[in-house]
Amino acid sequence: MLRPTLNEVISGMQRTIMDALLPELTSPYAQGQAMSAIVMLGHAAAVLESAPAYDAAEIKDLRATFAALKRLGDKHISKKSGLRSALARAIRAGAKNPPDRRAMEAAMAAFVSAVALGDADDSVARHVRGYIRRNVERSRNLFGSSLPSA
């Protein structure tokens, strides 16, 4: 492991603000801002610890959602909408090692747009909306109460 780790760097920044910067600040406003920075750095450290599990769950959910969409078949996914090719790209991206999450997310964005515009079959829309709900919940868990609940 390389030292210092990112969490060690963040902890060092918190200590520097607390021990060196804060005692020099005379304005209550500046002191409050320094304390806010300390809290935000702590939050960033916590998010960094949770990020690998979040990423793994996100990739697993994207793969499962695309597999479910593929099982719906061509009857539900029209060729003219471009969703068939987006689905094929997503399946290929999910099969890579490591998975190409950016390509999977781009394909999901195409499905989300189609649902939003009313260009997706109800079965497709149900799977896409389910993914969005799970994604928002995962994001809310990762970032805490700063995001609204689903």
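Pro98 sits in the loop between α3 (83–95) and α4 (101–116), and the bond joining Asn97 to Pro98 is a cis peptide with omega about 0 degrees. Helices here are DSSP runs of H or I with at least four residues, numbered from the N terminus. This is a predicted model, where local features need pLDDT of at least 70, side-chain atom pairs count only at pLDDT 80 or more, and totals for chains, interfaces and linings use all residues. Residues are numbered from 1 along each chain as its sequence is written, and side-chain values use heavy atoms, with hydrogens and water left out.

**The other cis bond**
- Arg3 to Pro4 is also a cis peptide bond, with omega near -5 degrees, and Pro4 lies in the segment before α1.

**α1 against α2**
- The axes (lines fitted to C-alpha atoms over the stretch in contact, angles running from 0 to 180 degrees between N-to-C directions) of α1 (residues 6–21) and α2 (residues 28–72) come within 9 Å and cross at roughly 170 degrees.
- That makes α1 roughly antiparallel to α2, a label for angles over 145 degrees.
- Residues of α1 including Ile10, Met13 and Ile17 meet residues of α2 including Ala34, Ile38 and Leu41, contact meaning heavy atoms within 4.5 Å.

- Leaving aside neighbours within four places in sequence, Phe111 touches Phe66, Leu69 and Val124, among others.

Methods
Helix = DSSP H or I, 4+ residues; strand = E, 2+ residues; numbered from the N terminus. Parallel < 35°, antiparallel > 145°, perpendicular 65-115°, else oblique.
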